Amino acid sequence: MTPREALAAELLQAADAARQNSYSPYSHFAVGAALRGKSGRIYTGCNVECAAYPAGCCAERAAFLRAVSEGECSFTEIAIAGGPAGEPPSSLCPPCGICRQVMREFCGPEFRILLTDGRKTLEYSLEELLPLSFGPENLGGDCHEEL
Ligand SMILES: [Zn+2]
């Protein structure tokens with residue numbers, strides 16, 4: 001296993017562990033995410049649903065909100081694992097559009113997104129999943145350099 005593969009495996013394992021905490025009594029679709037900060041620290045999140053559906057939060061955004069609230073604002077990669085609650089992932093769980101936009105707020109085009117179906121892992125760049133995107137620099141600044 002190469003050092004890169006070991007880092008990916010560590011992140012995927014953290015995403016799977018976070019998935020165990022999913023609160024998804026309505027969809028029964030459990031998602032876990034593990035976000036690696038440039039410091040090397042890993043921040044995890046799971047999806048949290050609410051009876052008033054729009055008040056819920058995706059695992060990916062939960063991980064970002066956790067990291068930013070703890071003072072880290074620059075990131076290198078995120079791993080995402082999801083599927084029916086109580087079962088191992090059986091298909092890829094790509095991030096929703098809102099989560100892609102939140103990634104864009106804090107990450108550059110090279111930010112890596114690791115998706116697993118339980119057998120294989122596919123890796124994408126943020127630019128691949130959110131091409132021609134709108135971000136902080138469209139409002140006159142590049143806050144990535146300031147963070
Ligand atoms: Zn989402």
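**Figure 1. Helix α2 and its buried residues.** Starting with α2 (59–69): the buried residues here are A59, E60, R61, A62, A63, F64 and A67. Buried means that 20 or more other C-beta atoms lie within 10 Å of a residue's own; 12 or fewer makes a residue exposed, anything in between is partly exposed, and the C-beta atoms are placed from the backbone. Helices (H or I, at least four residues) and strands (E, at least two) are DSSP runs, numbered from the N terminus. The cover over the buried residues of α2 includes α1, β1, β2, β3 and α3. Just after α2 comes G71, with a positive phi of about 100 degrees.

This is a predicted model, where local features need pLDDT of at least 70 and side-chain atom pairs count only at pLDDT 80 or more, while totals for chains, interfaces and linings use all residues. Residues are numbered from 1 along each chain as its sequence is written.

**Figure 2. The whole chain, for orientation.** The C-alpha trace spans about 45 × 45 × 30 Å along its principal axes. For 147 residues, a compact globule would have a radius of gyration near 15 Å, and the chain's 15 Å agrees with that; the radius is taken over C-alpha atoms, and the globule rule is 2.2 Å times the number of residues to the power 0.38. Of the 147 residues, 35% count as buried. Contacts here are pairs whose C-beta atoms, placed from the backbone, lie within 7 Å. Among contacts with a separation of 6 or more, 57% join residues 24 or more positions apart.

**Figure 3. The largest nonpolar core, with a look at I80.** This core holds 36 residues, and those with the most contacts inside it are A15, A33, A34, L35, A63, A79 and I80. A nonpolar core is a set of buried Ala, Val, Leu, Ile, Met, Phe, Trp, Tyr and Cys residues joined through C-beta atoms within 7 Å. Two or more residues each come from α1 (3–19), β1 (29–37), β2 (42–46), α2 (59–69), β3 (75–84), α3 (97–106) and β4 (112–116). The largest share, 6 residues, is from α1. Zoom in on I80 and, neighbours within four places in sequence aside, you find it in contact with A15, V31, A33, A59, E60, C93, P95, I113 and L115.

**Figure 4. Helix α3, one side in and one side out.** C99, M103 and F106 are the buried residues of α3. They cover an arc of only 70 degrees around the axis, so they sit on the same side of α3; the arc is that of the directions from the helix axis to the C-beta atoms. These buried residues pack against α2, β3 and α4 (126–129). On the face turned away from the buried side are the exposed residues G97 and I98.

**Figure 5. F106 in close-up.** F106 belongs to α3 and is buried, with 21 other C-beta atoms within 10 Å. Not counting residues up to four places away in sequence, F106 touches F64, C73 and F75. L65 is 41 residues away from F106 along the chain, with 11 Å between their C-alpha atoms.

**Figure 6. Strand β4 and its two partners.** With 4 of its 5 residues buried, β4 is largely enclosed by the rest of the structure. Strands β3 and β4 run parallel, joined by 4 bridges; two strands pair if DSSP finds at least two bridges between them. A79 has L114 of β4 as its bridge partner. Getting from β3 to β4 takes the chain through α3, in a right-handed β-α-β crossover: with the strands pointing away from the viewer, the path from the first strand over the helix to the second runs clockwise. β4 also pairs with β5 (residues 121–125), this time antiparallel, over 5 bridges. One of those pairs R112 with S125 in β5. The hairpin of β4 and β5 has 4 residues between the strands, and G118 there takes a positive phi near 95 degrees.

Figure 7. Most residues other than glycine have a negative phi. H28 is not a glycine, yet its phi is positive at about 55 degrees. H28 lies in the loop between α1 and β1 and counts as partly exposed, with 13 C-beta neighbours inside 10 Å. L132 also has a positive phi, near 50 degrees. The loop between α4 and α5 (143–146) is where L132 is found, and L132 is exposed, with 5 other C-beta atoms within 10 Å.

Definitions and conventions: Contact = placed C-beta atoms within 7 Å.
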